[in-house]
There are 4 protein chains.
Amino acid sequence: MIRAGVVGATGYAGAELVRILAGHPDMELTAVTSRQYAGVRFDRVFPSMAGAVNLVCEEFSVDSISEKTDAVFTALPHKLPMAFVPDLVKQGKKVVDLSADFRFGNVSAYELFYQPHTAKDLLSSAVYGLSEVYADKIKEAAIVGNPGCYPTSLLLPLIPLLKNKLLDIHSIIADSKSGVSGAGRSPSLTVHFCEVTESFKAYKVGNHRHRPEMEEVLSREAGEPVTITFVPHLVPMSRGMLTTAYSTLARKVSEADIRECIAEFYAGRPFIRLCPDNAVPDTRNVRGSNYCDIGFRIEARNNRLIIISAIDNLVKGAAGQAVQNMNLMFGLDETRGLSAVPFPL
Amino acid sequence: MIRAGVVGATGYAGAELVRILAGHPDMELTAVTSRQYAGVRFDRVFPSMAGAVNLVCEEFSVDSISEKTDAVFTALPHKLPMAFVPDLVKQGKKVVDLSADFRFGNVSAYELFYQPHTAKDLLSSAVYGLSEVYADKIKEAAIVGNPGCYPTSLLLPLIPLLKNKLLDIHSIIADSKSGVSGAGRSPSLTVHFCEVTESFKAYKVGNHRHRPEMEEVLSREAGEPVTITFVPHLVPMSRGMLTTAYSTLARKVSEADIRECIAEFYAGRPFIRLCPDNAVPDTRNVRGSNYCDIGFRIEARNNRLIIISAIDNLVKGAAGQAVQNMNLMFGLDETRGLSAVPFPL
Amino acid sequence: MIRAGVVGATGYAGAELVRILAGHPDMELTAVTSRQYAGVRFDRVFPSMAGAVNLVCEEFSVDSISEKTDAVFTALPHKLPMAFVPDLVKQGKKVVDLSADFRFGNVSAYELFYQPHTAKDLLSSAVYGLSEVYADKIKEAAIVGNPGCYPTSLLLPLIPLLKNKLLDIHSIIADSKSGVSGAGRSPSLTVHFCEVTESFKAYKVGNHRHRPEMEEVLSREAGEPVTITFVPHLVPMSRGMLTTAYSTLARKVSEADIRECIAEFYAGRPFIRLCPDNAVPDTRNVRGSNYCDIGFRIEARNNRLIIISAIDNLVKGAAGQAVQNMNLMFGLDETRGLSAVPFPL
Amino acid sequence: MIRAGVVGATGYAGAELVRILAGHPDMELTAVTSRQYAGVRFDRVFPSMAGAVNLVCEEFSVDSISEKTDAVFTALPHKLPMAFVPDLVKQGKKVVDLSADFRFGNVSAYELFYQPHTAKDLLSSAVYGLSEVYADKIKEAAIVGNPGCYPTSLLLPLIPLLKNKLLDIHSIIADSKSGVSGAGRSPSLTVHFCEVTESFKAYKVGNHRHRPEMEEVLSREAGEPVTITFVPHLVPMSRGMLTTAYSTLARKVSEADIRECIAEFYAGRPFIRLCPDNAVPDTRNVRGSNYCDIGFRIEARNNRLIIISAIDNLVKGAAGQAVQNMNLMFGLDETRGLSAVPFPL
């Protein structure tokens with residue numbers, strides 16, 4: 001059994017990691033850290049896991065985590081991981097970091113949208129953990145920067161099309177909608193039930209930090225600079241993310257062409273599901289799972305593609321993809337621990 | 001007091017009309033019709049209105065409605081109203097029809113997306129009831145085709161900009177999100193609580209019947225044919241509609257220019273509220289009210305405008321705008337009966 | 001116009017007071033205070049009220065409020081009001097306090113469950129503001145202690161029966177369910193959307209501070225000490241409160257007897273609605289309104305009464321009843337400002 | 001592998017059975033029937049299961065099901081199963097029926113609340129499938145009547161106490177709250193999203209058909225006739241059931257005594273979780289799992305016990321307990337296929 005630890009286990013992404021790892025057939029959860037709940041049994045913080053998780057939350061220390069684990073998931077706010085991940089890597093640990101700290105190849109983009117980077121040396125060896133696209137590099141990596149939820153939801157449907165030069169790269173608009181868990185577990189007025197229910201609104205219009213992350217990857221795959229318009233919205237639901245992307249087509253293609261392009265690119269990758277004709281993705285269908293469902297339409301009159309993806313922001317958008325990446329890093333089948341069937345409702 | 005009747009009073013738009021009219025200072029609700037509940041007290045169907053509405057639902061007949069009312073609101077599925085609205089108009093009644101039957105100037109567009117029109121004669125005199133834009137014509141009309149909810153949410157923010165030639169008319173994309181009440185009160189799997197909650201999805205992608213309605217009005221205001229991309233989505237909430245529209249700018253303008261353009265166009269119109277800088281519309285802020293809140297950003301790097309509107313689909317998107325139109329038709333202040341302050345939560 | 005002020009206007013009860021007063025035909029809202037938002041326009045805090053409320057939040061001071069208002073609503077946490085309400089009363093202001101500070105006749109009960117009382121002199125003249133029961137005293141009062149939401153929901157259905165000796169006073173159980181707004185607007189994990197949605201749970205089992213408040217009033221009306229069992233629960237909704245109360249019947253009575261007892265007691269009181277036979281209260285029917293809907297069944301096999309009430313916890317359970325009380329204190333009709341028809345959905 | 005079939009697979013309980021069986025390590029799902037969707041791929045009806053379930057829905061026939069399966073789950077409305085379950089049993093199949101048809105020992109109680117019973121011969125050999133209480137008999141049974149959701153939620157906490165004579169059996173009141181999925185998948189106004197959200201109400205007050213089912217079992221365990229008061233309520237959530245039960249204590253006991261009584265009775269049974277002191281059950285903690293969480297308080301002043309249980313109505317209240325029973329019938333560990341860790345949110 002691979003010994004796994006979760007640093008920052010009592011946020012939502014952290015707790016979701018704990019849930020998945022508690023049922024992982026090849027990994028054993030051996031350490032959970034939490035500053036806020038140090039000394040408290042994990043199942044007192046998350047009673048849903050009583051009977052499944054017997055660990056007590058501990059304060060993080062490099063020594064303790066290094067001693068207890070082989071695989072480390074860091075689920076902390078950006079800026080914190082880059083302070084200690086280099087030490088973990090030196091200890092020979094494999095690390096999947098869920099913050100933004102190791103996602104960017106271009107350090108100046110990171111520094112523009114976040115803060116000065118204090119572990120630049122590691123950036124060149126860190127791999128962007130979009131599992132279906134960069135599996136080969138992930139398998140060799142010691143440190144993986146796990147993608148943001150919005151980037152995952154946009155990049156998975158777009159990359160096959162970009163690589164095949166099907167899109168006018170100046171025309172891409174991503175209108176995304178996220179459940180509330182994406183805002184994290186810390187209390188604030190933004191996530192107050194009474195402020196969210198029966199409310200729908202955009203936020204950080206054109207200005208969200210996931211945009212430069214998307215643009216870096218899209219530009220890399222397109223081979224030229226891509227700028228997009230990105231507007232996230234908040235949906236009165238707990239989990240789930242839907243991105244509706246719009247792009248002018250670069251050349252005349254049929255819906256069958258689009259289907260084939262995507263199907264071929266993701267052949268053999270079990271977490272990508274292309275919706276049947278006439279069906280569209282629904283966040284409900286991927287809830288609690290690592291699936292990314294994709295559907296699309298061509299609007300011939302405007303020569304425009306409408307392509308839609310649905311993920312669970314906490315699973316494929318965070319903890320699930322992180323486990324998928326760690327599976328790859330340890331040479332396991334990428335589906336290990338991730339095969340739960342989503343609820344029918 | 002103007003005597004008002006609601007035909008089709010037990011659907012959601014009909015019931016909302018009843019609610020508003022029950023509190024209208026210049027109108028008295030004198031008849032409610034319902035095929036399904038004929039003979040049943042209205043407040044047994046909608047117990048929230050016990051104490052406020054004492055009417056019994058009756059079967060519709062032209063004679064009875066003509067005798068009892070001066071102002072008629074028809075809140076029935078399309079196709080039904082065009083069969084009898086001509087008779088009501090002949091009886092001298094003023095009619096606001098909430099179906100699509102009297103919204104189109106171009107009968108062939110209507111017939112393409114709906115069915116053969118059986119009251120074409122009336123179409124030329126019917127006025128499209130977008131209150132803030134066509135108030136002058138509405139005041140003179142005998143029959144008003146009340147706009148669809150999606151068209152209202154898109155047209156109100158776009159028309160001032162179109163008229164001022166600020167938008168590239170080939171670039172307009174409307175990504176709309178609606179609460180469930182827009183699907184009506186008839187039971188179906190689509191509106192089952194368990195299918196809706198924790199679900200977010202698109203529907204009728206590129207193919208919704210409100211698109212031709214929007215395009216007809218946009219084309220008229222732009223003075224040339226406008227085709228748009230329109231994708232509606234279903235939000236797990238009861239009331240509310242948000243439209244996020246994207247358009248390339250036709251020329252270099254500042255956010256202040258956009259603000260001035262809209263503010264000037266709607267000067268003195270109390271139901272249009274421009275969000276302060278840095279604020280964005282939220283459906284919660286207009287819930288139960290006739291307001292349309294509008295906010296926007298210019299994304300200079302892409303020369304693109306992002307403009308967002310929020311309405312209550314049952315009020316400004318249906319019953320509220322209908323009452324506003326009837327107020328105009330009877331020479332009343334347009335706000336009569338519509339001044340309830342929206343809930344803070 | 002009576003000049004009205006709301007102290008603590010940016011909590012949920014305070015904001016609801018502002019909403020109601022903004023539409024009150026006989027009161028003019030002249031001051032709103034908020035420590036957190038002092039200096040900020042009220043409609044920037046609650047954008048739903050843009051266009052209806054033009055005031056700026058101010059820091060509270062006795063002098064300023066005394067100068068600007070005739071009627072003062074205090075919507076602050078308990079302990080704060082008793083520090084300054086005596087001064088307001090001395091200035092001749094009429095005060096409705098929404099905290100617990102002026103609800104108890106028995107100061108030792110208050111001190112047992114809250115803290116030492118610093119305005120005991122005022123307690124004897126303060127009137128418990130259960131409008132339908134104590135209207136006569138309220139009309140004469142300078143200071144009214146507005147009832148808690150749970151007490152309102154239990155006392156209104158039970159008092160007529162207690163006064164008529166129909167209940168076994170040792171058998172009363174109140175199983176109450178409240179929407180989340182009852183927990184207030186301050187952020188906490190308890191009110192985080194993701195912790196509330198798809199969750200139902202009890203809290204403060206047998207131990208809630210509204211229990212002694214209920215028992216004091218029930219004992220007064222019964223003429224002997226009443227102890228009850230009270231369990232509140234949290235419902236994943238924003239507004240609304242339902243109490244299902246159980247009691248063994250003290251003597252053999254029919255459902256018609258119960259109906260008559262309640263109907264007679266509340267004859268002419270417009271906010272009490274008895275559900276028709278076979279119907280039951282639903283929080284949706286009273287949402288946003290000052291109604292209290294009551295329904296019941298006798299279970300003959302167990303000689304037990306099941307009686308159910310529904311209120312909007314923010315209206316009849318807080319701000320609405322407060323305005324109703326102030327109406328009474330100023331000799332107005334009790335329905336002034338409170339006649340909005342509840343939504344059909 | 002045991003070959004398993006689900007009859008009535010496209011209702012909510014049926015689909016939940018399919019979900020669980022699709023991940024069961026010892027059972028293989030070999031047939032799903034559906035009248036409404038015969039001929040349609042199951043994953044077109046429930047796209048969440050695409051990739052996990054490849055079956056096509058078929059019309060039910062005894063011959064086909066007998067040929068394809070060893071274990072049959074019938075998830076149909078009552079009355080239908082008793083028509084064909086005898087034939088399945090004759091074919092040597094083991095059957096767990098989720099309807100009420102095989103729950104009652106007392107046929108006249110069944111006939112009073114349902115309809116004439118057409119398979120009375122089988123009733124004496126059918127076992128009531130409350131897994132933790134009747135495991136020994138279930139292991140020997142050919143046909144198990146799977147308990148109703150409300151009965152499961154009440155019986156599990158009460159039976160240990162009743163058997164130990166701790167409760168005054170004339171004082172039991174069960175105030176239950178259920179998510180909407182309990183009403184099934186058929187569309188109706190009752191389950192319309194707009195009628196449910198922001199609504200809380202009781203239904204079938206004192207009159208629900210699960211009451212006689214509970215009373216039969218309680219009476220059997222108490223050794224004398226028990227009558228209870230039972231009021232179910234509808235919660236605006238999809239899954240989950242909470243029962244708050246009240247009973248006068250038959251003798252003086254401490255909370256530690258109660259805890260010990262329950263813990264001892266369920267020793268070694270992994271799906272019963274007793275909440276730690278000061279904690280209470282929350283439906284969120286059991287969502288998607290087969291757990292029943294139990295918490296309680298003694299109210300000494302009234303000599304009353306308040307005991308609360310939480311289950312997922314579709315899992316422990318239906319499909320999960322059904323699989324648990326089938327595990328027992330086939331000599332498997334009762335947890336097989338049921339060990340998914342519930343979500344933290």
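Predicted model: local features only at pLDDT ≥ 70, side-chain atom pairs only at ≥ 80, totals over all residues.
Glu213(A) forms a salt bridge with Arg103(A), and the closest N and O atoms of the pair are 2.9 Å apart.

Let me set out the domains of chain A. The assignment gives domain 1 as residues 2-146 + 316-329, and domain 2 as residues 150-313. Domain 1 is therefore written in two segments, because the assignment, which comes from an automatic or database source, lists 2-146 and 316-329 together. Taken over C-alpha atoms, the centres of domain 1 and domain 2 of chain A are separated by 25 Å.

How many residues of each domain take part in the contact between them? In chain A, 28 residues of domain 1 are in contact with 30 residues of domain 2. The two domains of chain A bury about 2,400 Å² between them, and 51% of that lies on carbon and sulfur atoms. Three residues deserve mention on the domain 1 side: Phe113(A), Glu132(A) and Lys316(A) supply 27% of the area that domain 1 of chain A buries against domain 2 of chain A, more than any other three residues.

I come now to the polar side of this domain interface. Between domain 1 and domain 2 of chain A the rule finds 2 salt bridges. The count of residue pairs in polar contact between these two domains of chain A, with both residues at pLDDT 80 or more, is 21.

Which elements give two or more residues to the side of domain 1 of chain A that touches domain 2 of chain A? They are helix 1 (12-22), helix 7 (131-140) and helix 13 (315-329) of chain A. Helix 13 of chain A gives the most to that side of domain 1, with 6 residues. By class, the side of domain 1 of chain A that touches domain 2 of chain A has 13 nonpolar, 10 polar and 5 charged residues.

Next, a salt bridge inside one helix. The side chains of Asp87(A) and Lys90(A) meet in a salt bridge, at 3.7 Å from N to O. Both residues, Asp87(A) and Lys90(A), lie in helix 4 (residues 81-90) of chain A, 3 residues apart, which is about one turn of the helix. Side chains of opposite charge can pair when their charged atoms come close. Over all chains, the structure holds 96 salt bridges.

I turn to the contact between chain B and chain A. Each chain gives 47 residues to this contact. About 3,800 Å² is buried between chain B and chain A, with carbon and sulfur atoms giving 52% of the area. The same surface serves both copies, since 100% of the contact residues of chain B recur in chain A.

The rule finds 10 salt bridges across the interface of chain B and chain A. In one of them Glu195(B) pairs with Arg284(A), and the closest N and O atoms are 2.8 Å apart. Across this interface of chain B and chain A there are also 38 residue pairs in polar contact, both residues being at pLDDT 80 or more. The side of chain B that touches chain A divides into 20 nonpolar, 12 polar and 15 charged residues.

Finally, chains C and D. A rotation of 180 degrees with 0.0 Å of shift along its axis superposes chain C on chain D, at an RMSD of 0.0 Å. That is the relation of a two-fold axis. The same surface serves both copies here, as 100% of the contact residues of chain C recur in chain D.

The contact takes 47 residues from chain C and 47 residues from chain D, and the area buried between chain C and chain D is about 3,800 Å², 52% of it from carbon and sulfur atoms. Which three residues supply more than any other three of the area that chain C buries against chain D? They are Glu198(C), Phe200(C) and Arg301(C), with 19%. Between chain C and chain D there are 10 salt bridges; among them, the side chains of Lys201(C) and Asp282(D) meet at 3.4 Å, N to O.

Definitions and conventions:
Residues numbered from 1 in each chain as written. Chains lettered and ligands numbered in written order. Heavy atoms only, no water. Contact = heavy atoms within 4.5 Å. Buried area = accessible area lost by both parts, 1.4 Å probe. Salt bridge = Lys/Arg side-chain N within 4 Å of Asp/Glu carboxyl O. Polar contact = N/O pair within 3.5 Å; in protein donor to acceptor, adjacent residues only side chain to side chain. Nonpolar A, V, L, I, M, F, W, Y, C, P; charged D, E, K, R; others polar. Least-squares fit on C-alpha atoms with pLDDT ≥ 70 in both. Helix = DSSP H or I, 4+ residues; strand = E, 2+ residues; numbered from the N terminus.
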